[in-house]
Amino acid sequence: MDAMTTEPTAPLTITNALIFDGTSADLVEGSIVFNGGLVAEVGDVEPQGQVVDAAGKVVVPGLIDAHFHAYAVGLGGMEVERSPLSYSALVGAQRLGLALGRGFTTVRDVAGGDIGLSKAIEKGLFASPRYYYTGPAFSQTGGHGDPRAADVDVCFSHGHMCAVVDGVDQLRQAVRERFRTGSHAIKIMTSGGVVSLTDPIRVPQYSGEEIRAVVDEATRRGSYVAAHAYSPEAIRHSVENGVRSIEHGNLLDEATAELMAEHGAFLVPTLAAYDAMNRRGEAAGLNPVSQAKNAEVLSAGKDAIGMALRAGVRVGFGSDLMGELEDDQLQGVRLQIEAVGVLETLRSMTSVNAELLQNPSLGSLRAGAVGDAVLLDGNPFEDPAVLWDESRPRTVLQAGRVTA
Ligand SMILES: [Zn+2]
């Protein structure tokens, strides 16, 4: 399937639709004409080309998952990092195809991915969302991206999802290498995490000097830095040193939410991951250290989203599912809706995530936007389950053609 082609496509019209444009609470009634891979016209317009009748359905922009991991072949850091890259890439292709079937027409991979996987997607070798990647995330020694347990005496410098890089000069060189090889943005680990074994969750990682060096390189390139951070002290440390995108942010407090808003930072919550690790982690072989850490961040995550929105922070959407938990992607939609409602969650998955990706032509169904859309089997504002219930059929369009 030629999922990612940028060649102009023949016209296609969705008729009798109720349309969510990515932003407005007022749904538009009418048709959407796609032409040349883009949205050509919306509203009371003449159909062109192939017609898809959407009576009784609601059309939303193609969904965006801003925290995805193609190469997360398992739940343990070391398992992921020691897998042969050919295996990780094939598993990644499968994970991407499944995400597209759920309506995610774009993903941002914030630890992993590389130019080879991206090239295969651009050539249309397999069906995939549009693929933005950071490449392996940077971690300090003993930080969230260092997969070694304390009693493991092996050398680790880089794997497929993370690389251990310490020091300003080394970080500058590593960031330049990421941009040489097509990275969309840079991901760093600035607090402890759930799956890492030796770092307390709350403690900030990397010195301010190191973070500023990474931000300086990324900003000069016209890009930005995303940081894994949970606690107020780690979020503050990241944002004050120039990080634009806070990943997870579960332990956020009000003062830190205000600081994020002042700095124009985004929050990308990843509720699916904690819920899935809580329900299914033990059976899936999650380390007991990680299970205990997960419990600490699980319940706080939902409160953080409302707190961020009230402070004026732009809140996106991510899933962050590792290994066999990947099939819980739409549960993240349910959890975010339970936290802040349908409209905010739909905005997060479309227009806000598009802004985060620095590509406002994604995540919108206005004339001129990229022609990615999902036809839902009902109205999510009346029946939110239509967004997460996988037994309800959905039709996915990418670049103005039906892909799934
Ligand atoms: Zn992650």
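I began with Glu-262, which lies in helix H7 (residues 254-262); helices here are DSSP runs of H or I with at least four residues, and strands are runs of E with at least two, numbered from the N terminus. The model is predicted, so local features need pLDDT of at least 70 and side-chain atom pairs count only at pLDDT 80 or more, while totals for chains, interfaces and linings use all residues. Residues are numbered from 1 along each chain as its sequence is written, and side-chain values use heavy atoms, with hydrogens and water left out.

I noted that Glu-262 counts as exposed at 65% relative accessibility, where buried means under 20% relative accessible area, exposed over 50% and partly exposed in between (1.4 Å probe, protein chains only).

Next I searched the whole structure for salt bridges, each being a side-chain nitrogen of Lys or Arg within 4 Å of a carboxyl oxygen of Asp or Glu, and the search finds 27. I looked up Arg-102, which forms one with Glu-326, the closest N and O atoms being 3.2 Å apart. This pair links distant parts of the chain, 224 residues apart. Arg-102 is buried at 6% relative accessible area, and Glu-326 is buried at 12%.

I then turned to Asp-328 and Arg-279, whose side chains meet in a salt bridge (2.6 Å, N to O). Asp-328 lies in the loop between S15 and H10 and Arg-279 in helix H8 (residues 271-280), so the pair ties together parts 49 residues apart in sequence.

Last, I recorded that Glu-338 and Arg-334 also meet in a salt bridge, at 2.9 Å from N to O, and that they are four residues apart in helix H10, separated by about one helical turn.
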